[in-house]
Amino acid sequence: MNYREPLPDGCPPPESDEVAGPLVVFRLVRSSPPSLDDFRSQRAERPSAAFRGVSECVARGLSVYKRVTDCDKTRKLPQFQGRFICQVYLEAGAGRIQQTGRPTHYTWWPLAAFEILGHCEAVAP
Amino acid sequence: MKKIRPTSTLYYYDGPQVVEARDAIGGHYVAVMVAPVGEQDRYVVAGVEPQRLQQFLAGEIDLRSLMLHRSEDEWFLATTGADDWWLAEPQSSPLSSFSQLPEEGFLLHDAPPSSEALREARARNNLVMEVAAEARESAGEHRIRVGTLAELLTHLQVVVKHAYGAALRTLPVDSRRMIDRSEAHLLDVVVPAAPGSFRIVLEAATRPDLLGQSELRRALERMDELFLSASDPQQTLAMVKAHRGHLAGAYQRLLRFLVDSKVGLRYAWAEPSFAEPRARAISEADAGSLVDALSGVSNLGAEPVELVGALKAANVNSGTWRLATEGGERAGKLKPGGPSLAGLKLEGTYRFTCLEEIEETHGGTREQQTLYLMEHEPA
C-alpha cells in the first residue's frame, strides 16, 4: 500500500486497524479551512529530529482523537493554543489507525490516495 | 544550567506534550512542550512539590496552577538532546510572565479516581494491581499467614508470566521483535499491607512507554478472561481449554492453592488513563468447583513446542536428547509410548514437535519445565 509519507518496515503495525467504514476523528489544525500542512507528521515537520521514546512509526503518523472534547483540552497546551478543530470523515481507503497512549488518542497513517481535505470539516469554535 | 531526565510522558499529542522529569538528586519537575527551536523540542520546566505533582497526576489540580503556585520561583527552558538528559537553562523573569504557559483548566483526567486502584495507578503513573486475599485469619483482623501471602503472590506472578507469554504469541513476529519483554511480566509489591481487608498493591516493574502504555496490560487482559466467569465452571472450562498450555497450568495451580489454603481472591487493576479499574473475584467455593471441573481434562497445562536444530545428543536407552536451536540448546525426554530416537543422526537437522510440561518444585514456588518429544522429522 502507498502511504502519504514513507514509513519504516513493519509500519503501520500489524495490530493497527485498516479503516474499513465510516469513522469520525478530530485533529487540531493551524488554519481554517485546513491545509495539507496540517496533516504532516512530526517526522515530516522535522526530518532530522531525534524523537526519544517515540517509535519512528508513531512519529510518522498523525495524532487524532475520537472525541472533540479531547481537542478542546489539548488546545489549552502552549503548542496548540489558537488552533482550530477539524472533523475528519474517514472511510475505506483512508489508511490504518491504532489506539496509542490514552484511550481516546489514535495514530492515523493516511494512504496517499486518500483526499484528506475533501473529508475535513471545521468544528465551530 | 541544570540537567533533568524525563521519566514519563503524561500527555501525548503529535509528540510528548507534558512530561514528568527528575534531576540527578531526585527533585521532581514537570515539563510542557513549547515552540521547538529548529529540530529540537523545547520545554518550559518547573520544579514541583511531590504532593502537588500527585494531585495533578490524580486529576485534582490543573497544570497551570501546578506550575505557578509553588514555593520557589525558579523555572527553566530545556531543549531535548541526543542523550537521556535535557539541559535546562534557568530564566530570570517570573514564570507567570512567560507567554507560553498552559491555559487554566488543563486537567490530566476528566474525572477524579473512582477507586483506590485507579488512584494508585495515577499517582504512580503506571499500571497498578490491587490484590485482596480473603484468608480466614484475615476475617477478624488485619493479618495473614506468611506462607499464604508468599504463595499467593508467587502463584499470581506465575499466572501473569504465562498470560503475558500467551498474549505475545498472538502478535505477529515483527511486532514481538520490537518489544523489550525481558521484565515486562514482572510485578513489584509497592504497598505490602494496605488498610482494609488484607490488601496488597503491586505495580508493573517496568515503566510504561512514552505513550503511557504498559506491556503488562497484555498479560492482565488475558488473565481477566480466565476469571471472567469464575462462578460458572462450564464457561470457565471452555475458556481454560482455549488457553491450554502453561497459562492454563498456572491458573489450575493457583486455583488448587486457593482451595488448599481456604483463600478467596479479589483483584483490580488500572492504568492511569482508565475511567474505572478492571476487577475480578473468585471465592474459595468457586475455586473448588473449578478445580473439580478442570481435573477431568488431561494435559491441560502442557504446551506444544516446536524446535528445529542440529541434534547434539540422543540416548536411545534413557530416551534423552539435546537439540541446538537458534534460541540455544534444548534438552528433553521421550514420553512413554512416544517415538524412538533410533536411527537419528547426530548433527543432523531435525524438527522436534514436543509437549512442554511444568512441574512445581519447592512447595509450588518454583517451576521445572520438561520437554517431551512427540514427533520428529528431518528439517
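1. Strand 2 and strand 3 of chain B form a hairpin, with four residues between them. Gly26(B) sits in the turn and has a positive phi of about 90°. This is a predicted model. Val19(B) has Ala31(B), in strand 3, as its bridge partner.

2. Strand 3 of chain B also makes a hairpin with strand 4 of chain B. Here two residues lie between the strands, and Gly38(B) in the turn has a positive phi of about 60°. Strand 4 spans residues 40–47. Seven bridges join strand 3 to strand 4, and they run antiparallel.

3. Chain B is divided into domain 1 (2–97), domain 2 (116–295) and domain 3 (303–378). The centres of domain 2 and domain 3 of chain B are 31 Å apart, taken over C-alpha atoms.

4. Helix 3 of chain B covers residues 116–124. Its buried residues are Ala117(B), Leu118(B), Arg119(B), Glu120(B), Ala121(B) and Arg122(B). What covers them? The cover includes helix 1 (50–57), strand 7 (128–135), strand 9 (198–204) and strand 10 (263–270) of chain B. Just after helix 3, Asn125(B) takes a positive phi of about 50°.

5. The contact between the chains takes 25 residues from chain A and 30 residues from chain B. On the chain A side, eight residues are nonpolar, eleven polar and six charged.

Notes: Residues numbered from 1 in each chain as written. Chains lettered and ligands numbered in written order. Predicted model: local features only at pLDDT ≥ 70, side-chain atom pairs only at ≥ 80, totals over all residues. Contact = placed C-beta atoms within 7 Å. Nonpolar A, V, L, I, M, F, W, Y, C, P; charged D, E, K, R; others polar. Buried ≥ 20, exposed ≤ 12 C-beta atoms within 10 Å, placed from the backbone. Domains from an automatic or database assignment. Pairing = 2+ DSSP bridges.
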